[in-house]
Amino acid sequence: MGKVILSISSAIIEDIKGMAETRPALIAYYYFDFKDASKRDVRGLLASLLCQLGDDSERCWEVLHQLYATCHDGSEKPNEVALVNCLKTMLEFVEQVPIFVVMDALDECPIITGTPSAREEVLDLVEDLVESGHSNLFICVTSRPEPDIQTVLNPLTPSSSRVSLHEEGGQKDDINNYIRSFVHTDRRMRRWRDEDREIVISILSERADGM
């Protein structure tokens, strides 16, 4: 199921990169991964965004280098507050250039450990960045429609800016076609009776729930 989300966010990133070829723009993206402890919390997100922006912008690099110097040339790790402040300073330093941040599979952040949980910390960051009012910042988040995520993100965005794949008929048709093609071309499944294959297709398509 995650592969579908990844392909969508990748398409968004490629579109932004294409736009950046015609006018100045910065893009940073991050893929949350429940299987990788370093890729499922706000610290990993911030560190990745800062490094990407620093690599692509001399002014952002200067801000990042200042943080590095403050931490005794890297001998100390900055706390999350310092990382957030560094990101906000970057936004102010390049306010004439649009910055696109894409966060993929936010639902991969766990909610069962920590107070606040890793997911709550990421949601707090997104809310903080949106409410900070940086006109050059554009954030795109992909996720399964978990209630806690919707509770935070929906008030931050107009309905016209939200896309629910669960409600898109074309998305469901694509998934159904993929499942049908896989079942009919798999060597082992081709030995099954037609009615058994149809049952598998029906169950998998229903449980995919648009994802």
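Residues are numbered from 1 along each chain as its sequence is written, and side-chain values use heavy atoms, with hydrogens and water left out. Because the model is predicted, local features need pLDDT of at least 70 and side-chain atom pairs count only at pLDDT 80 or more, while totals for chains, interfaces and linings use all residues.

Reader: In what order do the elements of the protein chain run from the N terminus on?
Author: Helices (H or I, at least four residues) and strands (E, at least two) are taken as DSSP runs and numbered from the N terminus. On that basis the protein chain has eight helices and three strands. Read from the N terminus on, the elements run α-β-α-α-α-β-α-β-α-α-α.

Reader: Which strands are the edge strands of the sheet?
Author: The three strands form an open sheet in the order S1-S2-S3 with parallel pairing, where two strands pair if DSSP finds at least two bridges between them. An edge strand in this sheet pairs on one side only, and the two that do so are S1 (26-31) and S3 (137-141).

Reader: Which residue of S3 is the bridge partner of Val102?
Author: Strand S2, residues 99-104, pairs with S3 in the parallel sense over five bridges. For Val102, the bridge partner in S3 is Cys140.

Reader: At about what angle to S1 does helix H2 run?
Author: Axes are lines fitted to C-alpha atoms, for helices over the stretch in contact (heavy atoms within 4.5 Å), and angles run from 0 to 180 degrees between N-to-C directions. Helix H2, residues 42-56, lies across S1 and S2, and its direction relative to S1 is about 150 degrees.

Reader: Why do the buried residues of H3 line one face of the helix, and within what arc do they fall?
Author: Buried means under 20% relative accessible area, exposed over 50%, and partly exposed in between, with a 1.4 Å probe and protein chains only. In helix H3 (residues 58-70), the buried residues are Cys60, Val63 and Leu67, whereas the face turned away from the buried side carries the exposed residues Glu58 and Gln66. What covers the buried residues includes S1, H2 and helix H4 (80-93). Seen down the axis of H3, taking the directions from that axis to the C-beta atoms, the buried residues line one face because they fall within an arc of 60 degrees.

Reader: How many residues apart are Glu108 and Arg144, which form a salt bridge?
Author: A salt bridge is a side-chain nitrogen of Lys or Arg within 4 Å of a carboxyl oxygen of Asp or Glu, and the closest N and O atoms of Glu108 and Arg144 are 3.8 Å apart. Glu108 lies in the loop between S2 and helix H5 (118-131), while Arg144 lies in the loop between S3 and helix H6 (147-153). The pair thus links distant parts of the chain, with a separation of 36 residues.

Reader: Is Arg144 buried or exposed?
Author: Arg144 belongs to a network of salt bridges that also links Asp107 and Glu108. Glu108 counts as partly exposed at 21% relative accessibility. For Arg144, the relative accessible area is 18%, so this residue is buried.

Reader: What is the N to O distance in the salt bridge of Glu195 and Arg193?
Author: Arg193 also forms a salt bridge with Asp196, whose closest N and O atoms are 3.1 Å apart. Glu195 is partly exposed, with a relative accessible area of 44%. Between the side chains of Glu195 and Arg193, the N to O distance is 3.5 Å.

Terms used
Expected span 1.5 Å × (residues − 1).
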